[in-house]
Amino acid sequence: MNNKKYYKELAEDCMLSFTDAEIDEIVAKEENLKKEFENVLKIDTTNVKPLFYPYDDIHTYLRDDEEITVIDQKVILNNAPTATGDFVTIKKVVK
């Protein structure tokens, strides 16, 4: 697919609009990024052991629980413009 066409359709799906110059700039940045990744892929990683975490110091502790204030669901539903059952409903904004 043509990149310009793809970005125009993507923008339309997200309810955004871009000028042709902005689309050209996005396509140019994408092409530059692809070229940079091509350089990364050329790096010889033979005999390099894969890492799952790049640091020696691994933190496995969890933060302490903090009591927080929770708003009652009925209050939220009563303040919502529209609600169905136990859920707040909104208009669909993305295709």
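Leu77 sits in helix H3, which covers residues 73-79; helices here are DSSP runs (H or I) of at least four residues and strands are runs (E) of at least two, both numbered from the N terminus. The model is a predicted one, with local features needing pLDDT of at least 70 and side-chain atom pairs counting only at pLDDT 80 or more, while totals for chains, interfaces and linings use all residues. Residues are numbered from 1 along each chain as its sequence is written, and side-chain values use heavy atoms, with hydrogens and water left out.

Back to Leu77: with a relative accessibility of 18%, this residue counts as buried, a label for anything under 20% relative accessible area, whereas exposed means over 50% and partly exposed lies in between (1.4 Å probe, protein chains only). Setting aside neighbours within four places in sequence, Leu77 is in contact with Ala83, Gly85, Asp86, Phe87 and Val88, where contact means heavy atoms within 4.5 Å. Take Val88: eleven residues separate Leu77 from Val88 in sequence, and their C-alpha atoms are 6.3 Å apart in space.

Ala83, another of those partners of Leu77, belongs to strand S1 (residues 83-84). Ala83 is partly exposed, at 39% relative accessible area. Beyond its neighbours within four places in sequence, Ala83 touches Leu77, Val88 and Thr89, by the contact rule.

Now for the aromatic rings. A pair of such rings is described by how far apart the centres are and by the angle of the planes. Rings of Phe, Tyr and Trp (its six-membered ring) pair if their centres lie within 6.5 Å; planes under 30 degrees apart are stacked, over 60 edge-to-face, and the rest tilted. That rule gives a count of one aromatic pair. The partners are Tyr6 and Tyr7, arranged edge-to-face with 5.2 Å from centre to centre and 70 degrees between the planes. Tyr6 is partly exposed at 39% relative accessible area, while Tyr7 counts as buried at 17%.

What about the protein as a whole? It has three helices and two strands, running α-α-α-β-β from the N terminus on. The radius of gyration is 24 Å, whereas a compact globule of 95 residues would come out near 12 Å; the value is taken over C-alpha atoms, and the globule rule is 2.2 Å times the number of residues to the power 0.38. Along the principal axes, the C-alpha trace spans about 60 × 50 × 20 Å. Buried residues make up 6% of the 95.
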